[in-house]
Structure formats: C-alpha cells, structure tokens
Amino acid sequence: LNTIEAAFRVQPLLAQLPLYRETGSGNTSMCGVFDLVTMEAFEWDAEADPTGRDYTTTPVDCEQLAQRHPALAASATEAREALVTAAAECDEELMEELLVADLDTAAIDKDLLRASLRRITVANGAAAASGAAARRSAESAGVVVLLGASLRNVGVQPLLDAVVDYLPSPFGAPHAHLLPCHSFAHTNLKSPCVEQMTAGSGSQL
C-alpha cells in the first residue's frame, strides 16, 4: 500500500484482506479474500477446482471461519475501521454519515460504504478527464485496492463484482455524436489496404 501511495500519489482504500491456507509442504498459499465491505470470506479450493469457478462465501461470525482463520475477526474489524475512515476523508457524504453516527464506523453498513467507494472512483475518473490541474488537486484521492492470485484463479469473481459496483456505467455517459469526415472524399475505397482496414475495424466493433 505504501508503494501504491508513493508511486501514484493516491490514498489506497484496501477493500479486501488475503486469506491463506497451509499446504502439505508446510508452506502457505493464498486461498481466498475477505471482503471488508460485506464482511464475508470468499475461499477457493485449487485442488478440488483448479479453474477457480467454484468458491464458498462465509460471514465473519461463522464458527468454521474462525477455526480456519483464528485472527481474522480482529484484523478484519480493524481493517474495516481503517477503510471507512479513509473513505470518509475522500467522500463528504460518507463523512456526514460518520459524524451523525458519532464516528462509529460499525454504523456504516455495506450499502453506504459501497456507494461511497463508487462516488470516490467516479470522481477520480471525472477529475482525470478534466485536465492536469484537476489531476493535481486529486492527487490525494482514494483508490479502491482489491486482492487476488491470477495463477490460482483466486479473487476473479469479486473483482468482476467490483467493476459493476464501483466503475461508472456506460449508460451514464453522454450520447456520442457522429461528425461528418470529409477526408474520406478522395479515398480510394477499392484499395486492398483500405478494404482490409475497413474489414478489421468492422470485426472489432
């Protein structure tokens, strides 16, 4: 997180914790992630399903989860408090909710936190698109950080859910307007190169 903050000059908002499982050789490997927004554990069994398609979801107060990860409950509570506090520093609406709750981070439910992270993400994109001056003013903006292990297919599904939850929808963008391009007036459309380019563009669309 310190590397992200230093390299990109942003405030990392850690939204997940890694979960590890001991292997037969005595080492540990990443087997899942713990979502700090919903307070649920997502676990994958690479031996039973190497594709990573199937996974289990377990709430933080489950006894079985506590047995597998004894220190998870305490670390997850602390990490969620840090996430809510950091997000509130980047989002005025969440800060107001937190002040109403007398700074009790536990009073911020998953819907409020998810909506706040979405506003922060969308605001970052709008600032970046509006020019260098706006980007400089948004250097301390929050950026949601997710975890995963691509070689083990761990964390893919929560990542796709985060795309839907936090990134702006294409339907919210303004309609595009097509402008006439007169530069094609003298183009020989029967040229093989032009025909190939046109065919390639059409296939990509």
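## A loop residue and its patch

Leu-167 sits in the loop between helix 7 (156-166) and helix 8 (192-204). The model is a predicted one. Leu-167 is partly exposed, with a relative accessible area of 40%.

This leucine belongs to a nonpolar surface patch.

## The overall fold

The protein chain holds 8 helices and 6 strands. Read from the N terminus, the order is α-β-β-β-β-β-α-α-α-α-α-β-α-α. The chain has 205 residues, and 29% of them count as buried.

## The nonpolar core

The largest nonpolar core contains 28 residues. Which of them touch the most other members? They are Phe-34, Leu-36, Ala-76, Leu-83, Leu-113 and Leu-117.

Helix 3 gives the most, with 8 residues.

## A negative patch

Glu-78, Glu-81, Asp-102 and Asp-104 form a negative surface patch. Glu-81 lies in helix 3, which spans residues 72-90. Glu-81 has a relative accessible area of 39%, so it is partly exposed.

## Salt bridges

How many salt bridges does a search of the whole structure find? The count is 5.

One of them joins the side chains of Arg-68 and Glu-43, with an N to O distance of 2.6 Å. This pair links distant parts of the chain. Arg-68 is in helix 2 (residues 63-68), Glu-43 is in strand 4 (residues 40-43), and they are 25 residues apart. Are these two partners buried or exposed? Arg-68 is partly exposed, at 39% relative accessible area. Glu-43 counts as buried, at 5% relative accessibility.

## A network around Arg-119

Asp-91, Glu-93 and Arg-119 are linked in a network of salt bridges. Take Arg-119 and Asp-91 to begin with. Their side chains meet at 2.6 Å, N to O. Arg-119 lies in helix 5 and Asp-91 in the loop between helix 3 and helix 4, so the pair ties together parts that are 28 residues apart in sequence.

Now take Glu-93. Its side chain meets that of Arg-119 in a salt bridge of 3.3 Å, N to O. This pair also links distant parts of the chain: Glu-93 is in helix 4, Arg-119 is in helix 5, and 26 residues separate them.

How accessible are the members of the network? Asp-91 counts as buried, at 7% relative accessibility. Arg-119 is partly exposed, at 31%. Glu-93 is partly exposed too, at 44%.

## Two residues with positive phi

Look next at the backbone. Arg-9 has a phi near 55°, a positive value in a residue other than glycine. Arg-9 is in the loop between helix 1 (2-8) and strand 1 (11-14). Its relative accessibility is 52%, so Arg-9 counts as exposed.

Leu-103 has a positive phi as well, near 65°, and is likewise not a glycine. Where is Leu-103? This residue is in the loop between helix 4 and helix 5. Leu-103 has a relative accessible area of 54%, so it is exposed.

Note on methods: Residues numbered from 1 in each chain as written. Predicted model: local features only at pLDDT ≥ 70, side-chain atom pairs only at ≥ 80, totals over all residues. Heavy atoms only, no water. Patch = residues over 30% accessible without salt bridge, like charges linked within 9 Å, V, L, I, M, F, W, Y side chains within 5 Å. Areas by Shrake-Rupley, 256 points an atom, 1.4 Å probe, with all protein chains shown as cover. Salt bridge = Lys/Arg side-chain N within 4 Å of Asp/Glu carboxyl O. Lys, Arg positive; Asp, Glu negative; His and termini not counted. Charge placed at Lys NZ, Arg CZ, Asp CG, Glu CD. Helix = DSSP H or I, 4+ residues; strand = E, 2+ residues; numbered from the N terminus. Buried < 20%, exposed > 50% of the residue type's maximum accessible area, 1.4 Å probe, protein only. Core = buried A, V, L, I, M, F, W, Y, C linked by side-chain atoms within 4.5 Å.
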